[in-house]
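Have the sequence open beside the picture.

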Amino acid sequence: MKSLSIIRHAKAAPPEKYATDFERPLTKRGVKDIKEIAKIDANLKPAVDWIISSPAARTRETTLILAESLGYTKTIQWEERAYLAEAEQWLELLRNIPPDMEHVLVVGHNPGLSDLAAGLVAGAASYLNLHLPTAALAYLELEIFWWNQIRWGCGRLHLLLPPKPLR
């Protein structure tokens with residue numbers, strides 16, 4: 001069994017204030033929300049031992065807050081292909097994780113992450129209407145031994161937590 005934490009970036013500044021979508025930073029509420037979600041993810045077992053993140057400003061900031069809260073000291077995998085990635089792209093990224101990693105954390109954007117979580121649990125994103133709001137955590141156990149075995153329908157959802165109840 002492998003574990004997967006899926007976290008959508010926290011609340012970001014409005015796009016009209018920035019030259020590109022890629023540059024949008026977190027808001028104060030976004031920082032507060034992700035710190036609360038990080039406390040929850042830090043208590044999940046096994047501990048996170050691999051992080052893949054989109055390099056956009058809002059996901060980078062979210063990921064760095066998470067890594068600090070988790071006590072994560074390994075290299076973060078800043079993956080260009082994760083920026084606005086669709087679920088299939090995420091699945092391909094997950095298939096290339098070193099086989100000895102037990103708990104992977106991915107940080108990215110919607111709709112790709114919501115579709116990833118839904119597809120892993122239900123067999124296809126269209127089979128489950130799942131939406132991850134900003135800073136939400138979906139924690140799944142995957143019925144696989146090696147990351148290259150990941151496929152639609154191999155997951156069991158153990159936790160789906162938006163930050164709002166933690167405020």
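In which strand does Ser-3 lie?

1. Ser-3 lies in strand E1. Strands (E, at least two residues) and helices (H or I, at least four) are DSSP runs, numbered from the N terminus. Before going on: this is a predicted model, where local features need pLDDT of at least 70, side-chain atom pairs count only at pLDDT 80 or more, and totals for chains, interfaces and linings use all residues. Residues are numbered from 1 along each chain as its sequence is written, and side-chain values use heavy atoms, with hydrogens and water left out.

2. Stay with Ser-3 for a moment. Ser-3 counts as buried because its relative accessibility is 4% (buried means under 20% relative accessible area, with a 1.4 Å probe and protein chains only). Leaving out residues up to four places away in sequence, Ser-3 touches several residues, including Lys-45, Val-104, Tyr-139 and Trp-147 (contact means heavy atoms within 4.5 Å).

3. Now zoom out to the sheet. Six strands make an open sheet with mixed pairing, in the order E3-E2-E4-E1-E5-E6 (two strands pair if DSSP finds at least two bridges between them). E3 (77-78) and E6 (155-161) are at the edges with a single partner strand each, so one side of each has no neighbour in the sheet.

4. Look at E2 (residues 50-53) and E4 (residues 103-108): they pair in the parallel sense over four bridges. Trp-50 has Val-104 in E4 as its bridge partner.

5. Finally, helix H2 (residues 57-70) packs on the sheet and touches E1 (2-8), E2, E3 and E4.

Definitions and conventions:
Axes fitted to C-alpha atoms, helices over the stretch in contact; angles between N-to-C directions. Buried < 20%, exposed > 50% of the residue type's maximum accessible area, 1.4 Å probe, protein only.
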